[in-house]
Amino acid sequence: MKKLLRNTLRSSFVQRAVGVLAAEYLRFVWRTNKFTFDPPDVYDIVEPRIPGIFAFWHGQHFLTPFIKNKESYRAKVLISRHRDGEFNAIAVERLGIGLIRGSGDHGGAFHRKGGVGAFKEMVRTLQDGCNVALTADVPKRARVAGLGIIMLARESGRPIMPFAMATSRFIRLKNWDRTTINLPFGRGALVGIKEINVPPDADAAMMEALRQELEDTLNEATRRAYAQLGRPGPEDA
């Protein structure tokens with residue numbers, strides 16, 4: 001029975017159906033939540049600085065494709081090559097975001113998971129004037145930023161733009177990243193505090209300091225987003 005279920009979930013038809021349904025559900029959620037922005041002129045601040053590296057926490061990411069509010073904004077997102085990533089890939093493409101397949105893990109599995117190729121493609125994408133979006137977490141360690149995104153900013157010379165999105169109505173799962181499934185008919189908040197720049201000559205000590213700054217900034221943005229909605233954040237669950 002488990003093998004039958006596994007094979008069914010791996011079929012291209014089921015993956016595409018789930019991906020399309022997920023995309024349309026998220027579009028519905030976005031349209032039925034009234035969002036506020038902190039700061040209110042966030043797009044005026046960010047637009048002159050693109051292309052940028054947009055960073056957010058895993059499990060809090062489902063509505064992030066909708067920050068692309070103009071057709072002229074180009075963006076690609078890093079998605080794992082794991083079979084579970086296929087659903088996400090199909091949904092993201094349907095929402096108008098390009099794909100970079102590979103791993104953000106800079107540990108022992110980096111090469112096996114296609115991390116080197118993905119890193120090079122992200123650098124090329126930024127050089128081509130296209131934004132890159134990716135989760136900042138170390139794999140399976142929620143709310144702990146990895147060095148990969150700092151390395152990308154150093155190599156590309158582009159700013160990291162951390163932000164958080166939250167809705168007042170949601171379901172929160174009891175898994176490693178406290179995945180939050182946003183629900184329709186509520187209020188939403190998008191919070192972006194500041195950009196982080198990495199000098200091209202940053203040494204190991206500076207890289208670690210900036211990694212910690214990114215982690216702290218994302219945590220504060222997440223806390224503020226949920227506080228504005230009067231709801232508990234994932235760290236309070």
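**Close-up 1. The buried residues of helix α6 in this predicted model.** Take a look at α6, where Gly148, Ile149, Ile150, Leu152, Ala153 and Ser156 are the buried residues. What covers them? The cover includes the strands β2, β5 (131-135) and β8 (160-162), together with the helices α5 (115-127) and α7.

**Close-up 2. Helix α6 packing with helix α7.** Here α6 (residues 148-156) meets α7 (residues 204-228) at an angle of about 115°, and the two axes are 9 Å apart. The crossing of this pair is right-handed. On the α6 side, the contact is made by Ile149, Ile150, Met151 and Arg154; α7 brings Met207, Leu210, Arg211 and Leu214. Sorted by class, the contact of α6 with α7 has 6 nonpolar and 2 charged residues, with no polar ones. A handy reminder for reading such a view: an α-helix has 3.6 residues a turn, so residues three or four places apart point the same way.

**Close-up 3. Thr64 in the loop between β2 and β3.** Now move to Thr64, found in the loop that joins β2 (53-56) and β3 (75-79). Is Thr64 buried or exposed? Its relative accessible area is 12%, under the 20% cut-off, so Thr64 counts as buried. A polar atom of the Thr64 side chain lies 2.7 Å from the backbone oxygen of His61. Setting aside neighbours within four places in sequence, Thr64 is in contact with Phe56, Phe163 and Met165.

Terms used
Residues numbered from 1 in each chain as written. Predicted model: local features only at pLDDT ≥ 70, side-chain atom pairs only at ≥ 80, totals over all residues. Heavy atoms only, no water. Axes fitted to C-alpha atoms, helices over the stretch in contact; angles between N-to-C directions. Helix = DSSP H or I, 4+ residues; strand = E, 2+ residues; numbered from the N terminus. Left-handed = near helix turned anticlockwise from the far one by under 90°. Contact = heavy atoms within 4.5 Å. Nonpolar A, V, L, I, M, F, W, Y, C, P; charged D, E, K, R; others polar. Buried < 20%, exposed > 50% of the residue type's maximum accessible area, 1.4 Å probe, protein only. Polar contact = N/O pair within 3.5 Å; in protein donor to acceptor, adjacent residues only side chain to side chain.
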